[in-house]
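Have the model open as you read.

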Amino acid sequence: MLVKRVMSKKVVSVSVPGSREKVLDLMRKENKAVLPVVKEDDNKLVGVVTRSDLINNPDEEQIAMLMSRNLITASPDEDVTDVAKRMIENDVRRVPVVNEDGELVGIITSFDLVSQALTKLEIEDAVENYMITTVPTTWEKTPLNVAFESMKQFGLKSILALNDDAQLTGILTETDFIAESEIISERSEHSSTVGTEGDKWSWDSTSVLYIEKNHLKFTDKVVSDVAVGNVEVANSKTKVSDCAKKMKTLHIEQIPVIGVEGDLVGLVRASDLIKALVE
């Protein structure tokens, strides 16, 4: 199967020059985690900007400084298996598709590969062989800022909410955190006193340094106020093909995995399942 049969041709992108605010507004409006960046005059791909770029660089305002220029791309006439390998090797979930002239013509995601390629195969292997087992969890009454820091420590894009009985009650993604936050600027004052050396009667001079820094500020809500409840789960013995079909039907990219005794044992993502395409 070729990339051009699977990719999305209606690509939401931003152009340079541009601002952080423009990117954030478009991500919220279109519910996108990644936006390709093109040159305004010729639509040639020059970079990619992600939600993580915005979060990790709160002081940077220009798209050109926020975006990544180390591009992983695909061609419309490539086989999807080759693109799946590239995604796995580079740990990315979305790959812009460009033509011979370097113009942006589409985008292909791990979800596209799962929903349009993997669902057409009958793979009997169980999801427990593809899931990740180190998954961030938090108490459902945890403040959002604390839950966000816990998620960041794992380097993942989601965190699972548990109740007082350690039962799964919801899932919170990076998108949810973005929707409940804003970039604010705070100014701090730092002063130091310097005297004239050798003269105990001299006046001390005080220098004051003002530092202005941006950071992410969350609302006062707790995890249960924002997390998606009634979480769809998979059993550790669920077949890869069945899990792929469930993702496609529900239009979701990740599913918590429950063990035979009903306990949480992992998380399987579209980016994990595409490994079945190349094995």
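This is a predicted model: local features need pLDDT of at least 70, side-chain atom pairs count only at pLDDT 80 or more; totals for chains, interfaces and linings use all residues.

At 32% relative accessibility, K157 counts as partly exposed.

**Around K157**
- R51 joins K157 and E174 in a network of salt bridges.

**Other salt bridges**
- The structure holds 13 salt bridges.
- One of them pairs K237 with E128, whose closest N and O atoms are 2.7 Å apart.
- K237 lies in the loop between β11 (234-235) and α10, and E128 in the loop between α6 and β6 (137-139), so their pairing ties together parts 109 residues apart in sequence.
- E128 is partly exposed, with a relative accessible area of 31%.
- K39 and D42 form another salt bridge, with 3.8 Å between the closest N and O atoms; K39 is partly exposed at 35%, as is D42 at 25%.

**Nonpolar cores**
- The largest nonpolar core has 34 residues, and I108, L113, V114, L118, M247, V268 and L273 have the most contacts inside it.
- Elements that each supply at least two residues of this core include α1 (3-6), α5 (80-90), β4 (94-98) and α10 (240-250).
- Beyond its neighbours within four places in sequence, I108 is in contact with residues including V3, M7, V83, V97 and L113.
- A second, separate core has 28 residues, among them L24, L26, A147 and V223.

How values were computed: Residues are numbered from 1 along each chain as its sequence is written. Side-chain values use heavy atoms; hydrogens and water are left out. A nonpolar core is a set of buried Ala, Val, Leu, Ile, Met, Phe, Trp, Tyr and Cys residues joined through side-chain atoms within 4.5 Å. Buried means under 20% relative accessible area, exposed over 50%, partly exposed in between (1.4 Å probe, protein chains only). Helices (H or I, at least four residues) and strands (E, at least two) are DSSP runs, numbered from the N terminus. Contact means heavy atoms within 4.5 Å. A salt bridge is a side-chain nitrogen of Lys or Arg within 4 Å of a carboxyl oxygen of Asp or Glu.
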